[in-house]
Amino acid sequence: ERLNPRLENWGVIREQGAFDPVLSAGAQYADSTEPLSPERATELGVDRLDAQSWDFNAGVGGRLPTGTAYELTGYDTRSEGTLSSDPTHIGFAGITLTQPLLKNFWLGPNTALIRVARQNRQIARETLQQQLINTVSDTQNAYYDLVYAAEDYKAKVEDLNRARALLSENRKRLEVGVLSRLEVTQAEAGVAAREEAVLVAERAIKDSENALKRLISSDVREFQGVTLVPVDEPPVAAQELDLARSVQTALSARPDYRRQRHELEKQGILVEYNRNQLWPQLDLEGSYGFNGRGGTFGRLTDDVVGGENPEWSVGLVVSIPLGNRQARAEFEQSRLRQEQAALALARLEQDIIVAVDNAVGRIATNLKRLDATRAATRLAEESLKAEEEKLRAGTSTSFLVLEAQANLAAARSAEIRARSDYHRSLVEL
């Protein structure tokens, strides 16, 4: 995405190149032989006419941002032949100007494509900014996912250890004959189920690691065999939330909203440009220069510079397309695209307001979830202790103890997930 602003910058330069002057030059040699009629041959004393000529021309032309087309030209024709014993130079130097008076008149239509290119460059910058925001947010969320996976793995291992401790205790009580074989079997089933949960949690850590590695490195191979261990967990604290201020920040700072505003401005430029193209072409043309003649190029130059043989012209040229359907169609299309861009901007504004409202609400909800899951974990621990005491007193079963252990493990996972979701909701806002 970083390359797109550079690409669009060259797009601006390309459109500015429409006003670059063009230097042209040429040279041509001609040699002709013309047979004469008998009467003409008798009159001139020759039976044919030979003529040789060299034509040299050079000029600079281009177009100004006002729409004015200009051309500075000069030429020299050196000729000699049967009828001229000495070479003769004939030349001209002058300027020709063409100024549109209706279509493509002045700065607006002639700089429209440059301004469109600048808007495209700004749109590319906003898109890059959006990509940067997304990448940073994805990286933060990937880190929190890794924290959750690591903490959830620890919780699953603790649950497995509790199940193994219960199995070990049940086997000892079976050996002394105070417990049935069924209790041991239930404990063994509980251990097996938790071992499977630990394996799944361990795989989740690896997947979270790989997701984070992909985001923080341009070549994930450098992280092969490397274990990422999260060492920083942001504290959970209540945030001061101001919905109105958050909405205002989003509408002024979100790149996608600014990008859509630039899109609307671009369409407005195109509407004005295409409206101008509906006019007929009416051009004021004028030229002014000097003719010259001499036996040498130097004398020709002196004659032209002397200004004794001026030549000028002025006139109007009009061109009216009959029907003009192409221009009318392009204008109507650009007008509809402008309307679409305005509707898209209004829709995006509504989406932003709703999204910010949801994000603010999720922060408050996730903070309450965290408090609720902490309480649930504490109550699950108390229930497990009570069930273990009942088991030792012979008034409970291994199945109920395993169920209490599973409830505690689920409560711990929910608490860890709520903490992770809280941090993710802060990133989202």
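The following questions and answers concern a predicted model of a protein.

Q: How many helices and strands are there in the protein?
A: The secondary structure of this predicted model includes both kinds of element. The protein has ten helices and six strands.

Q: What radius of gyration does the protein have, against that of a compact globule of 429 residues?
A: A compact globule of 429 residues would have a radius of gyration near 22 Å. The C-alpha atoms of the protein fill a box of roughly 150 × 45 × 40 Å along the principal axes. The radius of gyration of the protein is 43 Å.

Q: How far apart are the end C-alpha atoms of helix α4, and what span should its 64 residues have?
A: Helix α4 covers residues 112–175. At 1.5 Å a residue, its 64 residues should span 94 Å. This agrees with the model, in which the end C-alpha atoms are 93 Å apart.

Q: Is glutamine 119 buried or exposed?
A: Glutamine 119 has its place in helix α4. Its relative accessible area is 13%, and the cut-off for a buried residue is under 20%. Glutamine 119 is therefore buried.

Q: Which residues is glutamine 119 in contact with, leaving aside its neighbours within four places in sequence?
A: Contact here means heavy atoms within 4.5 Å. With those neighbours left aside, the contacts of glutamine 119 are His262, Glu265, Lys266 and Ile269.

Q: Which residue just after α4 takes a positive phi?
A: Helix α4 comprises residues 112–175. Just after α4, a phi of about 80° is found at glycine 177.

Q: What is the phi of asparagine 104?
A: Asparagine 104 is found in the loop between β4 (84–100) and α3 (107–110). Most residues other than glycine have a negative phi. Asparagine 104 is a residue other than glycine with a positive value, near 65°.

Q: Is tryptophan 106 buried, partly exposed or exposed?
A: Tryptophan 106 lies in the loop between β4 and α3, and has a positive phi of about 70° although it is not a glycine. Its relative accessible area is 45%; buried means under 20% and exposed over 50%. Tryptophan 106 is therefore partly exposed.

Q: What percentage of contacts in the protein between residues at least 6 apart in sequence join residues at least 24 apart?
A: The percentage concerns contacts between residues at least 6 apart in sequence. Among these contacts, the share that joins residues at least 24 apart is 75%.

Q: How far apart do the centres of the positive and negative side chains lie?
A: The protein has 52 positive and 63 negative side chains. The distance between the centres of the two sets is 9 Å.

Definitions and conventions
Residues are numbered from 1 along each chain as its sequence is written. Side-chain values use heavy atoms; hydrogens and water are left out. Helices (H or I, at least four residues) and strands (E, at least two) are DSSP runs, numbered from the N terminus. The radius of gyration is taken over C-alpha atoms; the globule rule is 2.2 Å times the number of residues to the power 0.38. Lys and Arg count as positive and Asp and Glu as negative; His and the chain ends are not counted. The place of a charge is taken as NZ of Lys, CZ of Arg, CG of Asp or CD of Glu. The expected span of a helix is 1.5 Å times one less than its number of residues. Buried means under 20% relative accessible area, exposed over 50%, partly exposed in between (1.4 Å probe, protein chains only).
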